[in-house]
Amino acid sequence: MYLPKVRELKEAITALIKGPYTHPFPKEPTPLPDNFRGAPKYSSESCIGCGACAEVCPARAISVEDIVEENRAFRRFTCDYGNCIFCGECELNCTSDTGIQLSQEYELSFFEQQDAREVIEHELVLCEICGAVIAPRAQLLYLYEKLGTIAYSNPTVYLTRLKEFGILTPESDRKDKPIDRWDLVRVTCPSCRRDVLLKEEWG
Ligand code: SF4
Ligand code: SF4
């Protein structure tokens, strides 16, 4: 007859008194270390829509899409948890430091594929002359704050800030007009700004 060893008996009695050694997951969440690298999450307050996180993502888990519709233009960031390797590069290289952060969320099983994603959208600023995408409004405002008085050397940056006060001409007023000197003080893309500066005959 097989008789249990003393050590096995001791462990069995200890387990009976103290409970099992393993965590009761999924009945209860497993305690995580502070530096656990879970699902990346965007912050709608801190993210400025610059796109640096997508550039540095080694797994190409973050995609960036500029969408220009009749009534609105926006940049959409999609972080696909199916591709993410939880390396933390996006958080480490975030321009605003806290625009994206790895959370403690690790339960990432979903019935629908679209649920396995983190999405954030940013309003885009368009060139008032040609309609090309310049940058997200939040990024231009961030630049204004960072540059201080130097921001006044770039009309696109400081005018975007002044528009927050609602004291400037709406973009639609400019539509279909030929380039003139007033375009120097408009929100324009680099290409149109160059055209305005190089125009020799200002009527
Ligand atoms: S602010 Fe950070 S999280 Fe937002 S787009 Fe830029 S790098 Fe990505
Ligand atoms: S944690 Fe790594 S793989 Fe996941 S989105 Fe960020 S950079 Fe990409």
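I take helices (H or I, at least four residues) and strands (E, at least two) as DSSP runs, numbered from the N terminus. The model is a predicted one, in which local features need pLDDT of at least 70 and side-chain atom pairs count only at pLDDT 80 or more, while totals for chains, interfaces and linings use all residues. Residues are numbered from 1 along each chain as its sequence is written, and chains are lettered from A and ligands numbered from 1 in the order in which they are written.

Entry 1, helix H4. I looked at what follows H4 and found Gly 148, with a positive phi near 65 degrees. I then listed the buried residues (20 or more other C-beta atoms within 10 Å of the residue's own, C-beta atoms placed from the backbone). In H4, residues 137-147, these are Arg 137, Ala 138, Gln 139, Leu 140, Tyr 142, Leu 143 and Tyr 144. Their cover includes S5, strand S6 (133-136) and helix H5 (155-163).

Entry 2, domains. I read the bounds from the domain assignment: domain 1 is 37-126 and domain 2 is 131-203. Their centres, taken over C-alpha atoms, are 28 Å apart. I counted contacts (C-beta atoms, placed from the backbone, within 7 Å). On that count, 13 residues of domain 1 touch 13 residues of domain 2. On the domain 1 side, strands S2 (62-68), S3 (73-80) and S5 (117-126) each give two or more residues. S5 gives the most, with five residues.

I checked which residues are near it (C-beta atom, placed from the backbone, within 6 Å). Of the 13 residues around ligand 1, Cys 47, Cys 50, Cys 53, Cys 94 and Gly 99 come nearest.

Notes. Domains from an automatic or database assignment. Buried ≥ 20, exposed ≤ 12 C-beta atoms within 10 Å, placed from the backbone.
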